[in-house]
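Good morning, and thank you for coming.

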Amino acid sequence: MATTDVKMEEVKKVPAEAKAPRIQPMVYKSVVTVYRIFAIITLYAVLLGVLAYGFVMGFYALNTSWAAPVILSPADDKSLDFTQKLVTTRQTLEDLNVDMKRLQDGVAEVTKHRAALLALAPELQAAIVREKQHNRATGPQLLELDKQKQADNLKTQTVMAQIKEVEATIDKDLAAGLITKGDAATQRAALNQAQSTYTDSKIGEILLTDSILEKTTTDTKSLDVLDKQAELISEVAQLDIAIGVAQKQIYEETKQINMLRQALATAKSTPYYLSVDGGNVVYFAFVPYDNQSNISIGTAVYDCYLNMVACRKVGTVKQIFAGEEHAIHPIFKTDIRGFLIQMQLDHTESAKSKTVFLNRKPLFF
Amino acid sequence: MAPVLVWLILILCLLISLLKYTFALILKWSVPGATVKKDYTYQPTVSVLMPCFNEGKTVYETIESISRSNYPNDRFEVIAQDDCSVDDSYEWMLEAQRDFSNIRVRVGRNTVNSGKARSVCNALQHSTAELIISIDSDCIFHTEAIRELAACFSEPKIGSVGGRIGVRNPNENAITAIQTFIYYAAFQVYKVPENWTRSVGCISGCLFAIRRELLLEIEPKIRSRHWFGIPVNQGEDRFLTHQTLLRGYGTYINNDAVCWTTVPSTLPELFKQQLRWKRSIVRDLFYTLRTLPQHVWTLHPNTVLTLVLTPLGAILGLLVALTVISGNPMELAGPAPLIGYLAIAAILALVIRRYSAREAVNNPLAFGAYLAWSVVSSLFITTLALCTLDSRDWGTRAKIQEPERESTDGDDGRQDGRSQESAG
């Protein structure tokens with residue numbers, strides 16, 4: 001069916017073509033002319049494009065003075081990461097400083113306490129020595145007195161054996177009416193007094209024995225004093241250990257603080273710090289290592305039309321940052337290594353150019 | 001947004017291509033219906049039309065190879081048509097006519113240089129055979145070629161059949177090596193799905209067989225082909241294939257019918273050849289788009305897809321190359337594409353060495369150069385083709401004589417380039 005249809009169509013077309021208006025050649029000619037003009041323009045555009053492309057590729061392959069402006073926004077990933085690290089570092093530093101202060105205060109207090117204890121120790125020692133010397137002197141004397149006392153008491157005891165007879169005599173005398181009741185009471189009181197005195201004397205003898213024991217041997221009191229002395233020494237030793245630990249901690253934290261301060265100082269010399277910390281707008285540019293030789297502080301910065309011609313000076317290099325950065329080549333789109341510089345721009349719109357040139361105009365105009 | 005769209009379309013095309021190739025391999029190995037049932041007892045009379053322009057002694061070799069054909073000699077003839085060559089081509093034709101008397105060789109000559117398409121038409125005037133085989137005058141034919149082509153026409157719905165084109169000079173240099181791979185892959189893989197639906201989008205003009213009545217029906221259209229009044233004398237093979245399909249006939253490639261052609265060995269020659277091909281692809285796309293409803297209703301969906309996607313791929317390639325170059329030019333220089341190409345080359349080299357030793361490529365690494373060529377091809381040839389649709393220049397052969405005058409009224413130009421026949 002399809003074949004037949006096509007054939008029919010072909011047959012029908014013949015008379016239509018035969019009656020083709022005479023205007024057709026003119027239309028064809030016009031179309032071809034327009035097409036040719038368009039084609040020539042297109043092909044020249046392609047040719048120019050290819051030449052320009054080749055030139056640009058060659059230019060950037062050979063040029064060693066270009067840099068790519070970079071606008072660092074506080075909101076970009078690197079800046080956000082930097083900000084977060086900066087805040088964390090500062091917080092850590094603050095915490096360490098507080099901890100340091102606490103440790104230093106603690107060490108001072110403990111040292112003072114230790115000094116007090118150490119001051120107490122010789123006094124205690126002196127007291128012990130003094131007491132020992134005193135005991136050494138009074139011990140034998142007391143021993144002698146104890147002997148006398150014992151002898152005295154022994155004599156008194158003999159006397160006291162006769163008291164009962166005296167009492168019986170008093171009773172007899174009272175019963176016989178030889179003495180009055182008052183006299184009897186007075187005599188009995190005297191006897192009690194004598195008994196009491198004897199008892200006191202016995203107590204004194206025992207107490208004297210105790211004293212002799214204290215002064216001639218090491219008693220529990222002495223041991224208590226020695227214990228106190230040992231405690232004192234132990235406490236001092238413990239304080240020494242605590243001071244040592246605290247000082248070690250202070251040393252470590254001091255080191256850490258120094259490192260953090262150094263890190264902060266380094267961070268302050270990065271473009272990201274300027275970007276996130278400063279209130280002013282700062283302009284940076286990425287410089288590949290290949291173009292390093294053209295850079296120093298104060299080097300002129302040029303911005304060009306079409307990234308290479310009709311250049312004008314737009315500023316100078318203000319600062320060169322040491323840290324390595326990676327970037328994508330603006331033309332070849334490859335990953336390249338380099339560093340950032342800060343630019344002092346008189347024409348701030350140049351910060352948005354694809355490339356700027358350092359030190360000299362790339363094509364001498 | 002635009003690059004994303006381009007990439008999306010590219011990925012879609014790649015996916016379609018991948019599916020197509022995978023499908024082709026499955027068809028090739030497991031579906032008998034993908035190939036035509038050949039009947040070797042079907043032996044129609046055959047006229048081998050050989051237009052020639054500045055081929056020199058090669059025409060003699062071509063006729064010699066045809067004379068060795070195993071097709072019955074009384075069933076075929078060679079009609080060699082010289083298109084006003086300025087070298088000794090015509091003399092070599094006459095020499096072949098004398099030397100190969102086992103077959104009938106007729107030699108004719110155009111009165112003016114007319115181009116290949118019209119030379120074929122002129123040669124057709126001298127033919128009375130049932131089957132016409134149009135060939136290139138620089139090819140060497142396998143003895144089985146005519147028999148194989150004729151056998152396919154036993155299927156009545158087959159209108160045109162092509163053969164597989166091999167490369168005569170695969171190891172001349174990297175350029176010819178690349179073309180060897182591409183030719184082989186194109187015939188053995190790419191055209192298989194098209195064969196399945198009997199809807200090959202382009203049968204090569206090197207070896208193109210068509211039913212006589214069909215060619216006679218299309219001949220006026222070939223003669224009257226013009227682009228806004230400018231005669232078109234390129235891409236007649238694609239045009240003929242397309243017209244065959246539009247007339248409801250099937251088109252088919254018989255890979256057992258083989259001929260070998262000398263492919264361009266220098267970049268300028270290759271550039272001109274590819275430019276000529278690209279022009280015909282672009283013209284064909286415009287023609288397809290202009291008559292798309294007719295295509296959709298008449299042709300198999302696979303045919304429409306082939307006719308639209310193949311040329312669209314060429315234009316898309318240009319956009320992709322532009323996107324890559326404007327985005328990340330070094331991506332093209334990366335190792336991945338090169339390794340990919342070399343891997344394909346290694347596989348193809350092994351397959352070619354195994355199944356077509358005559359075309360074995362000594363240095364498969366040469367295919368790596370295709371990467372650079374594909375960029376040039378995508379970027380420049382498509383652009384140039386789009387901007388030179390008015391060109392009539394054949395490109396690969398020097399031309400001294402004035403070309404046929406422009407036909408501004410759309411006539412068929414029969415008055416020009418008529419042939420003179422010599423001897424019989």
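Predicted model: local features only at pLDDT ≥ 70, side-chain atom pairs only at ≥ 80, totals over all residues.

Residues are numbered from 1 along each chain as its sequence is written, and chains are lettered from A and ligands numbered from 1 in the order in which they are written.

In chain A, six strands form a closed barrel in the order β1-β2-β5-β4-β3-β6, with antiparallel pairing. Neighbouring strands of this sheet are turned by 45° against each other on average, direction ignored; the axes are lines fitted to C-alpha atoms. Strands are DSSP runs (E, at least two residues) numbered from the N terminus, and helices are runs of H or I with at least four. Two strands pair if DSSP finds at least two bridges between them.

How many bridges join β4(A) to β5(A), residues 335–345? There are ten, and the two strands run antiparallel. Within this pair, A:Q319 has A:Q342 as its bridge partner. Six residues lie between the strands of this hairpin, where A:K333 takes a positive phi near 60°.

On its other pairing, β4(A), residues 309–328, meets β3(A), residues 300–305, over five antiparallel bridges. Here A:V301 is partnered by A:G315. Three residues separate these strands, and A:L306 in the turn has a positive phi of about 55°.

Finally, chain B contains 14 helices and eleven strands.

Technical notes: Axes fitted to C-alpha atoms, helices over the stretch in contact; angles between N-to-C directions.
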